[in-house]
Amino acid sequence: MASIQSTQNKPFFFNYLRSLSQTPHRLRKRMLATWTPDQELNQVRLRSGAEMKRKLRWYDLVALGIGGMLGVGVFVTTGPVARNTSGPSVFISYIIAGISALLSSLCYTEFSVQIPVAGGAFSYLRVTFGEFVGYFAGANILMEYVLSNAAVARSFTEYLCSAFGVSDPNSWRVEVHGLLEGYNKLDFTAVAVVLLLTLCLCHSTKESSILNLIMTIFHVVFFGFIIIVGFSNGSVDNLVKPGGLAPNGIRGVLDGAAIVYFSYIGYDSVSTLAEEIQNPPVSLPVGIVGSVLIVSGLYCLMALALCMMVPYNQIAEKASYSMAFQKIGWKWAGNVVGAGASLGILASLLVAMLGQARYLCVIGRARLVPSWLSKVHPSTGTPLNATLFLGLCTASIALFTDLDIVIEMISIGTLLVFYLVSNALIYRKYVITSKNPPFRTLSFLILLTSSAVGFSISWKLKQQWWGLPLFGGIMVTITAFFQYMVPCLRQPSEWSVPFMPWPAAISIFLNVFLMTTLKMLSFQRFGVWACLITVFYVLYGVHSTFEAEEMEMEIMAINEVSNPSIQLTKLDV
């Protein structure tokens, strides 16, 4: 028996060695290979077997977008930013961060209308910049989803403890002596939540969206409670005392915007539901843009309510809202805050896990990961294998890993993907759609990124004040020159971002600026992750996609010989 198994393994081993010897040739052919939107919508989607069921409407998308963003972020970031960075002007920081999120969401919206598939940023970048850029972005967004979901699941335990009046969340965790610090507190509550939501998502997308809708309604009502109490019992004087509206000046407001921006992460999950939406050209713009606008308004009002209840220099850095209620004599409301935050965490976790499975499903369709991850269950219409696989990965990380260990990796991957999508939209509109030579567009994108980096470095150095107007002026000048010199063909039948290229250019500028505010540790860990996923692509992904392409070409040739009357379109790679 052992000899038979050894005989079967030998051909596979030798075939793989032969594939590795052809790696340079395959990389040249596959790294920049692109697909057309029509191929993404039809030919590639058929690889999943059954189709996802179109059951969602525009209001489902708005609720899913709100549920995905209204998580724990506003409770964690508002207090520390108000106390240490922005002061009472933290609501202005939320406005600036909201504008940045809105610009990025507009870029996502146009792509999702033109290419309504479940792959989100992976599909948008693959049809624009080629296979490797799409894969690199998809792997980073998956990393961000899994790590952030694990972190959010562990924070669910903390807020649930607060709801029950337990001050120490570690009392609900099991400490294991002998494991490394940061990995030695097992959180079975977080694991249970992740696994229950995974089973719910495997059952049906529509039922999951209904559950999210119910939780989101209660969560918005809870936000309304905090806002009304804050405005009713607070004082406008607290917004200008003791140090004025912006005690740390404009620098404090902008630094605060970079921190609170991460409360908006989650709207991109809506774009991954494009295959399950009725009337995507109408529902997607309403769902994505509408949810960002609503959440921006709620965040600003929440920040104002906190700063009106308590002077900014007396705001607690942890459990800010609970402590603020205690200061105005509403001690019982601290438990309510814990319960409401727990509900919001559940909703954001549900939406994020919904999105991560669809990303992995489409990456599996492209054969960049094993194809069984792309299968859609015929009865439920959900990507069952991808949902279960990522649910188990998330639960495993949530069981062992402390929040502080994974949080550094989350933001940089997301900002990088938002940056790439904005670049891709400009390139697609001005080169692929409008048929302009690529040199001018690529030069513009390189100069735009360079000016953003120069502005960001000047901002961090503080002494180089002249760099701010210089690089800011360069950004405005080259964008205006590009708009005047390079024509853009508008397609009136489809939804598109207005006033191009300005929204996408500002989005690129802001995403670069926000990335430079992150700690060096984030870039070091990101560098390790980037090396790992590149090695995986070289050792597995490029060979899998190359062989899948050859196999499809052979099948098409056989069909043309046996059925000469049937004309099949050759893959545009």
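Guide: What follows is a set of questions and answers about rings, helices and backbone angles in this predicted model.

Visitor: How many aromatic pairs are there, and how is a pair of rings described?
Guide: A search of the whole structure finds 23 aromatic pairs. A pair of aromatic rings is described by the distance of the centres and the angle of the planes.

Visitor: What makes Trp 58 and Tyr 59 an edge-to-face pair?
Guide: Look at the distance, then the angle. The ring centres of Trp 58 and Tyr 59 are 5.8 Å apart, and a pair needs centres within 6.5 Å. Their planes stand at 80°.

Visitor: Why are Trp 58 and Tyr 59 called partly exposed?
Guide: Trp 58 has a relative accessible area of 47%. For Tyr 59 the value is 39%. Buried means under 20% and exposed means over 50%, so values in between are partly exposed.

Visitor: Why is the pair of Phe 129 and Tyr 427 called tilted?
Guide: The centres of Phe 129 and Tyr 427 are 5.4 Å apart, with the planes at 50°. Stacked needs under 30 degrees and edge-to-face needs over 60, so the rest are tilted.

Visitor: How do you know that this pair links distant parts of the chain?
Guide: Phe 129 is in helix α7, residues 121-129. Tyr 427 is in helix α17, residues 403-433.

Visitor: Is Tyr 427 buried or exposed?
Guide: Tyr 427 counts as buried because its relative accessibility is 14%, and the cut-off is under 20%.

Visitor: Which residues do ring pairs link into a cluster?
Guide: The cluster holds Phe 132, Tyr 135, Phe 136, Phe 526 and Tyr 537.

Visitor: Where does the charged end of Arg 251 sit?
Guide: The charged end of Arg 251 sits over the ring of Trp 459. It is 4.2 Å from the ring centre, and the distance limit is 6 Å.

Visitor: Which residues make the contact?
Guide: From α4, they include Trp 58, Leu 61 and Gly 65. From α13, they include Ser 283, Val 295 and Tyr 299.

Visitor: What can you say about Ser 263, and why is it called buried?
Guide: Ser 263 is in the loop between α11 and α12. It counts as buried because its relative accessibility is 3%. Ser 263 and Ala 101 are 162 residues apart in sequence, with their C-alpha atoms 9.9 Å apart in space.

Visitor: What joins Met 500 and Pro 501?
Guide: A cis peptide bond joins them, with omega of about 10°. Pro 501 is in the loop between α19 and α20.

Visitor: What is phi in Phe 499, and why is this residue called exposed?
Guide: Phi of Phe 499 is positive, about 60°, although the residue is not a glycine. Phe 499 also lies in the loop between α19 and α20. Its relative accessibility is 68%, so Phe 499 counts as exposed. The cut-off is over 50%.

Visitor: Is Arg 367 buried or exposed?
Guide: Arg 367 counts as buried because its relative accessibility is 19%, and the limit is under 20%. Its phi is positive too, near 70°. Arg 367 is placed in the loop between α15 and α16.

Technical notes. Residues numbered from 1 in each chain as written. Predicted model: local features only at pLDDT ≥ 70, side-chain atom pairs only at ≥ 80, totals over all residues. Heavy atoms only, no water. Phe/Tyr/Trp six-rings, centres within 6.5 Å; stacked < 30°, edge-to-face > 60°. Buried < 20%, exposed > 50% of the residue type's maximum accessible area, 1.4 Å probe, protein only. Helix = DSSP H or I, 4+ residues; strand = E, 2+ residues; numbered from the N terminus. Lys NZ or Arg CZ within 6 Å of the ring centre and 35° of its normal. Contact = heavy atoms within 4.5 Å.
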